[in-house]
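I keep this notebook to record what I looked up, entry by entry. The structure is shown first, and my entries follow.

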Amino acid sequence: MKYMGSKARFAKDLLPIILKDRTANQTYIEPFAGGMNMIDKVDGIRIANDQHEELMAMWQALIYDKWDPPQSVSEEAYKDIKYNQDKYPKYLVGYVGFNSFGGKWFAGYRRDKEGKRDYWGEHYRNITKQVPKLDGVLLSCKSYNELEIPENSIVYCDPPYASTTKYRDAFDHDQFWEWCRQQSKAGHRVFISEYNAPDDFECIWEKGAKTTFSWHAENLAPKESVERLFVFKV
Ligand SMILES: C[S@@+](CC[C@H](N)C(=O)[O-])C[C@H]1O[C@@H](n2cnc3c(N)ncnc32)[C@H](O)[C@@H]1O
């Protein structure tokens with residue numbers, strides 16, 4: 001699914017590192033699963049959490065309620081759903097809200113330019129292609145710091161990056177890093193995607209990338225930035 005801050009492009013680099021020492025029955029958990037563009041390439045016991053209610057309602061409907069989403073939505077309907085969200089089921093609001101410019105929540109209707117792009121068809125195909133790969137994933141919708149993490153888990157964190165567009169609530173980065181320290185000390189293997197980290201974290205992978213969009217960088221996009229993966233230095 002096209003999603004702001006999607007890690008689809010980096011999954012083939014990141015997953016071999018993150019899953020390298022995974023043991024049988026070891027849980028893989030993502031506190032910030034978003035568009036599921038990493039976890040859809042992992043097998044075994046998986047937990048996908050994100051605090052975005054409509055997004056998780058959408059995944060629930062698609063994966064477990066076998067919902068077949070619309071293959072096209074008119075501009076009029078898009079606007080009605082955007083401005084009257086309470087009138088519609090959350091899963092539909094989630095599905096429609098994320099088919100916007102850059103995969104950003106209700107960022108504007110994407111019009112077909114002279115019939116060259118079928119944005120709704122693309123959205124439909126991208127998502128429905130993912131769904132079978134997500135069968136069995138345990139879904140959860142809460143803030144990362146309220147999660148109960150099974151013992152000895154692999155935790156991959158892809159939080160809203162620092163100095164990026166504010167989402168619904170401001171994200172407290174200091175509190176997040178402190179949580180990562182605690183989880184690492186508790187015995188979990190914690191990996192964090194970020195541009196930078198406090199000194200007691202170590203960068204174990206990096207790659208230059210063009211950010212095209214603002215989840216990651218209001219001030220940086222669209223110039224070159226360096227994607228990094230960090231772990232706590234125990
Ligand atoms: C960079 S995106 C994750 C993208 C995902 N890795 C992908 O490849 O599609 C960050 C996600 O964090 C979620 N988020 C923000 N604050 C959160 C919090 N306190 N707890 C859980 N999720 C949160 C947002 O809803 C968003 O989906």
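**Entry 1: the ligand shell**

I sorted the shell around the ligand by class and found ten nonpolar, eight polar and three charged residues. Here Ala, Val, Leu, Ile, Met, Phe, Trp, Tyr, Cys and Pro count as nonpolar, Asp, Glu, Lys and Arg as charged, and the others, Gly among them, as polar. I noted that the model is predicted: local features need pLDDT of at least 70, side-chain atom pairs count only at pLDDT 80 or more, and totals for chains, interfaces and linings use all residues. Residues are numbered from 1 along each chain as its sequence is written. The ligand is surrounded by 21 residues, where near means a C-beta atom, placed from the backbone, within 6 Å of the molecule. Among the closest are Gly 5 and Phe 32.

**Entry 2: strand β5**

Why is strand β5 largely enclosed by the rest of the structure? I found that six of its six residues (189–194) are buried, so the strand is largely enclosed. Buried means 20 or more other C-beta atoms within 10 Å of the residue's own, exposed 12 or fewer, and partly exposed in between, with C-beta atoms placed from the backbone. Strands (E, at least two residues) and helices (H or I, at least four) are DSSP runs, numbered from the N terminus. On one side of β5 I listed Arg 189, Phe 191 and Ser 193, and on the other Val 190, Ile 192 and Glu 194.

**Entry 3: Thr 128**

I located Thr 128 in helix α5 (residues 119–130). Thr 128 counts as partly exposed because it has 14 C-beta neighbours inside 10 Å. Its C-alpha atom is separated from that of His 188 by 32 Å.
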